[in-house]
Amino acid sequence: KRTLILYPLSQKELSSVYTRYELKEKLQDFLVFGTYPEVVTAKTRKEKIEILEELVSSYLLKDILAIDKIRSSRTLFDLLKLLSFQVGNLVSLSELAGQLKVDVKTVGRYLDLLEKSFVIKKIQGFSQNLRKEITSKAKYFFVDNGIRNGVISQYNPLDLRNDIGNLWENFIVMERIKKLTFDREMPVSFYFWRTYCGQEIDLVEQREQGLFAYECKYSQQKIKLPKTWAKNYPHSHFTVITKDNYLDFLL
């Protein structure tokens, strides 16, 4: 058999309909409303919000709850809300369990179910057994930005938000995963990297050609490669992905 994963529309797929200029013009919409087909083709902002609200209330709650016979829809939804505010940050299962007042095993089961249902994507920490590297915690990204914003009912434009960094990292990481999943040209593993001292890299790709490290910054900034990474992985490649060069990375 051959398994095909159908993610929401990727920038590469949309580039067959829109020019690069049009994709950049629509970037704010993709960051806020995501790229589910029905959302992309909706004519008005109101329509987009209505579709996302329906997706969140019907699909996330009713369908997933039915699949696994979960008793508490409120706990599942509260978990999603917590994750939506922690996009791009390390997630501790024990902290989530404490906030939700459930045991760690329940949190783990819910996270596994949400990942299997293509609501979230888990990224592990990268390590080659250096003591300073964090690998016990993971990051969770939403497969679609619109669903992430729908969970917290936050559809404000970018100039009225304080979470642009989270939206940008979620968008870039998931779009890159879509691109390389669809291309099927090379096996690749995705990680983040972080040390206990706080040095970090948003996305690490391990391929046959070596290690490729990426930092996601919405605005152009001078970003230096973390010293610990440079010392231990001197042959890796490092690139900062901004709104100016992201299409070269995703198409």
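Reader: How many cavities of 30 Å³ or more does the structure hold?

Author: There are 2 of them. Keep in mind that this is a predicted model, where local features need pLDDT of at least 70, side-chain atom pairs count only at pLDDT 80 or more, and totals for chains, interfaces and linings use all residues. Residues are numbered from 1 along each chain as its sequence is written, and side-chain values use heavy atoms, leaving out hydrogens and water.

Reader: Okay, what volume does the largest cavity have, and what lines the largest cavity?

Author: A cavity is a set of points on a 1 Å grid over the protein atoms alone where a 1.4 Å probe fits but cannot get out, and lining residues have an atom within 4 Å of a point. Phe30, Gly34, Thr35, Val143, Asp144, Asn145, Phe171, Met174, Glu175 and Lys178 line it. Helix H10 (residues 164–183; a helix is a DSSP run of H or I, at least four residues) gives the most to that lining, with 4 residues.

Reader: And how do the lining residues of the largest cavity divide?

Author: Into 4 nonpolar, 3 polar and 3 charged. Ala, Val, Leu, Ile, Met, Phe, Trp, Tyr, Cys and Pro count as nonpolar, Asp, Glu, Lys and Arg as charged, and the others, Gly among them, as polar.

Reader: What about the second largest cavity: which residues line it?

Author: Tyr36, Tyr59, Leu60, Phe118, Val119, Val143, Asp144 and Ile147 line the second largest cavity. That makes 7 nonpolar, no polar and 1 charged, around a volume of about 40 Å³.

Definitions and conventions
On a 1 Å grid over the protein atoms alone, a cavity is a set of points where a 1.4 Å probe fits but cannot get out, and a pocket is an open set with protein on both sides within 12 Å along at least five of seven lines; lining residues have an atom within 4 Å of a point. Grid points are joined across faces, edges and corners, and a volume is the space filled by probe spheres set on the points. Helices (H or I, at least four residues) and strands (E, at least two) are DSSP runs, numbered from the N terminus.
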